[in-house]
Amino acid sequence: MSRVAYVNGQYVRHGDAAVHVEDRGYQFADGVYEVCEVWKGNIVDMPRHLDRLGRSLGELRIDWPMARNALEFVLTEVVRRNRVANGMVYVQVTRGVARRDHFFPSDDVAPSMVVTARSTSPKAAEVQAAKGISVVTYPENRWPRVDIKTVALLPNVLAKQNAKEKGGKEAWYIDVNGNVTEGGSTNAWIVTRDGVLVTRPAENGILRGITRAAVLDLVAREGISFEERAFSLDEALLAREAFVTAASTLVMPVVKIDDTIVGNGHPGSVATRLREAFHTATDLQAVVA
Ligand code: PLP
């Protein structure tokens with residue numbers, strides 16, 4: 001079966017999908033995106049993803065490319081046409097196509113929109129989660145507006161590539177105060193020696209992850225001891241456990257930070273419990289949808 005992408009109003013063969021050379025996303029990274037998990041054919045937490053997309057667009061003063069319910073339809077349709085049961089759907093909206101000029105184009109330039117979807121292996125993800133991942137620290141070098149989910153991901157690309165070359169699967173950014181901000185494409189969490197789950201507040205220095213929000217709901221429901229505050233790399237190195245969250249990884253245990261083994265070197269009980277609870281919650285969403 002051939003893959004299908006949505007590009008500016010048309011469903012096209014994935015291999016033929018293309019945007020104009022003067023698309024502002026291509027030339028200035030002048031655009032935003034969302035990645036949603038697809039689980040049992042259902043787009044997980046779509047309302048929250050679209051709320052955040054709307055916020056990102058608003059912060060950059062880019063118009064919605066279409067009505068919200070039409071966008072929901074296109075996302076669902078791309079998932080359906082690609083027969084994705086488990087995987088990801090990606091949507092990107094840019095300020096549109098215009099002669100290269102830093103200033104915003106005139107109001108008649110419409111935003112561009114691209115949607116793609118692909119399948120992933122739930123089995124491979126569970127094998128990875130059962131082992132856990134290593135993270136490699138990296139100095140925080142991004143602009144202060146990381147709360148906007150822009151396609152300007154070059155610092156994230158470099159941090160993650162550095163992690164990969166050092167045997168890790170994710171980068172952890174460390175700010176000038178020695179605190180962990182977040183991962184290259186994930187939010188960061190620890191469980192302290194005293195058994196308290198900690199993650200950084202979303203107000204400053206991180207993206208407000210949709211998976212983070214969903215996990216916070218589960219934390220409250222499960223009555224897990226929790227503090228929302230900054231935590232340092234030193235504290236993380238002494239932690240009982242650590243994990244990351246994202247739509248692409250869900251709750252993924254971290255078993256090594258640079259050269260230091262976290263806890264006993266195996267996925268921790270809190271991370272494992274939250275990953276299971278997350279699956280249960282997304283199962284429920286798929287049944288209701
Ligand atoms: N932080 C960064 C920098 C990200 O790129 C992502 C996801 O791509 C996340 C956090 C996690 O966000 P979400 O849970 O919405 O996938």
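**Exercise 1.** Find how far a nitrogen atom of the ligand is from an N or O atom in the side chain of Glu-182.

*Solution.* Start with Glu-182: an N or O atom of its side chain sits 2.6 Å from a ligand nitrogen atom. Next, go to the ligand's oxygen atoms: one is 2.9 Å from a side-chain N or O atom of Arg-52, and one is 2.8 Å from a backbone N or O atom of Ile-210. Then look at area: alone, the ligand exposes 390 Å², and the protein buries 94% of that (Shrake-Rupley method, 1.4 Å probe).

Before going on, note that this model is predicted, with local features needing pLDDT of at least 70 and side-chain atom pairs pLDDT 80 or more, while totals for chains, interfaces and linings use all residues. Numbering runs from 1 along each chain, and side-chain values use heavy atoms, without hydrogens and water.

**Exercise 2.** Describe the residues that surround the ligand.

*Solution.* First, count them: 18 residues surround the ligand, and Lys-149 and Thr-211 are among the closest (a heavy atom within 4 Å). Now sort them: 5 are nonpolar, 9 polar and 4 charged (Asp, Glu, Lys and Arg count as charged, Gly as polar).

**Exercise 3.** Work out which residues line the largest cavity.

*Solution.* Begin with its space, about 50 Å³. The lining includes Glu-37, His-49, Ile-210 and Phe-278 (an atom within 4 Å of a point on a 1 Å grid where a 1.4 Å probe fits but cannot get out). Finally, sort the lining: 5 nonpolar, 2 polar and 2 charged residues.

Conventions:
Polar contact = N/O pair within 3.5 Å; in protein donor to acceptor, adjacent residues only side chain to side chain. 1 Å grid on protein atoms, 1.4 Å probe; cavity = no way out; pocket = protein on both sides within 12 Å on 5 of 7 lines; lining within 4 Å. Points joined across faces, edges and corners; volume = space filled by probe spheres on them.
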